[in-house]
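Q: Hi! Could you walk me through this model in plain words?

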Amino acid sequence: MKNIKVRYFAMFREQAGCDQEVLAVEAHTPAELFAVVAQRHGLPHLRDAKVAVNDEMSGFDAILQDGDTVLFFPPVSGG
Amino acid sequence: MFSVSHQALDLKTLKSELPDPGAGACVTFEGWIRDLNYDKSVTALDYEVYEELALTEGNQVMAEAMEKFPIIAARCAHMAGHLEIGECAVWVGVSSAHRDAAFLACRYIIDEIKKRLPIWKKEFFQDGDTGWVNCEDSDKDGKSPLEAPGKQKT
């Protein structure tokens, strides 16, 4: 099990009802972690969602380490 | 340089960073809040910005523009918080010796800022409804990269 801090933004934050939480999970990648939190909070699978690990943009197939902070970004809309 | 502002953008001050004796062109872009999106009447917008990463990624975009185009100076600022119709949400300015490079770099910067920065806008509609832009329809095809690891852009 890994302890991962998960942070949610914009639509994901509203849907999750919190901006961050620490979870003990078996997930190896952000994709696996998202599946867990999507089920937990009913988050939608959005096509252009992005992920960052420890404040760096990442891929959903990155390998997670114990203590990582994973940030889930719904599709961006700046400008 | 890229910055995030919580107060109305001071366009005169931003533009004052661009002049140079070697500059023969200056191109600026202003993104304004408009009152209509997909036929729905919009009354205001909230911009949510994750500043730590927006600043890093925004300054990366500016560095890329300086590298890709023969320009002299580039500046961009993006608003965070509540904006009303007609307000300026984002400003880009580029100076260069000749106009082509300034036009191209300005376009590159605004396009990349819109695509890459962790910034989200929530629209407030005339009918009382609200909505996160780009979040309502993006799963229409039923496919998600979240279900297909390895296909993500980084």
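The chat below goes through the chains, their sheets and the core.

Q: What kind of model is this, and how are things numbered?
A: This is a predicted model, in which local features need pLDDT of at least 70 and side-chain atom pairs count only at pLDDT 80 or more, while totals for chains, interfaces and linings use all residues. Residues are numbered from 1 along each chain as its sequence is written, and chains are lettered from A and ligands numbered from 1 in the order in which they are written.

Q: What is the mean pLDDT of chain A?
A: The mean is 96, and 100% of the residues of chain A reach 70 or more. pLDDT is the predictor's confidence in each residue, from 0 to 100.

Q: How many helices and strands are in chain A?
A: Chain A has two helices and five strands, in the pattern β-α-β-α-β-β-β along the sequence. Helices (H or I, at least four residues) and strands (E, at least two) are DSSP runs, numbered from the N terminus.

Q: And how compact is chain A?
A: Its radius of gyration is 11 Å, close to the 12 Å that the globule rule gives for 79 residues, so chain A is as compact as a globular protein of that length. That radius is taken over C-alpha atoms, and the rule is 2.2 Å times the number of residues to the power 0.38. Along the principal axes, the C-alpha atoms of chain A fill a box of roughly 35 × 25 × 20 Å.

Q: What share of chain A is buried?
A: Of its 79 residues, 43% count as buried. Buried means that 20 or more other C-beta atoms lie within 10 Å of the residue's own; exposed means 12 or fewer, partly exposed is in between, and C-beta atoms are placed from the backbone.

Q: Nice. In which order do the strands of chain A form their sheet?
A: The five strands form an open, mixed sheet in the order β2-β1-β5-β3-β4 (chain A). Its edge strands are β2 (20-25) and β4 (56-58) of chain A, each pairing on one side only. The twist averages 35° from one strand to the next. Two strands pair if DSSP finds at least two bridges between them.

Q: Which way do β3(A) and β5(A) run?
A: They run antiparallel, joined by four bridges, with A:V51 opposite A:F72 in β5(A). Strand β1 (residues 2-8) of chain A instead runs parallel to β5 (residues 69-73) of chain A, also over four bridges, and there A:Y8 stands opposite A:F72.

Q: What about the hairpin of β3(A) and β4(A)?
A: Two residues lie between those strands, and A:N54 takes a positive phi near 50°. Three bridges join β3(A) to β4(A), which run antiparallel; A:V51 has A:S58 as its bridge partner in β4(A).

Q: Switching over: what's in chain B?
A: Chain B holds three helices and nine strands. Buried residues make up 34% of its 154 residues.

Q: Which strands form the open sheet in chain B?
A: Four strands do, in the order β1-β5-β7-β2 (chain B), with mixed pairing. The edge strands are β1 (2-5) and β2 (25-32) of chain B, and the twist averages 10° from one strand to the next. Helix α2 (residues 51-68) of chain B packs on the sheet, touching β1 and β5 (71-79) of chain B, and its direction makes about 145° with that of β1(B). Helix α3 (residues 99-116) of chain B packs there too, touching β2, β5 and β7 of chain B. Axes are lines fitted to C-alpha atoms, for helices over the stretch in contact, and angles run from 0 to 180 degrees between N-to-C directions.

Q: Which residues of the largest nonpolar core touch the most other members?
A: Of its 61 residues, those are A:F72, B:I71, B:C76, B:A105 and B:I109. The largest share of this core, seven residues, comes from α3(B). A nonpolar core is a set of buried Ala, Val, Leu, Ile, Met, Phe, Trp, Tyr and Cys residues joined through C-beta atoms within 7 Å.

Q: Is B:H78 buried or exposed?
A: B:H78 is buried, with 26 other C-beta atoms within 10 Å, and its place is in strand β5 of chain B. Among the residues that B:H78 touches are A:G78, B:V4 and B:I113. Contact means that the C-beta atoms of two residues, placed from the backbone, lie within 7 Å.

Terms used
Lists of a residue's contacts leave out its neighbours within four places in sequence.
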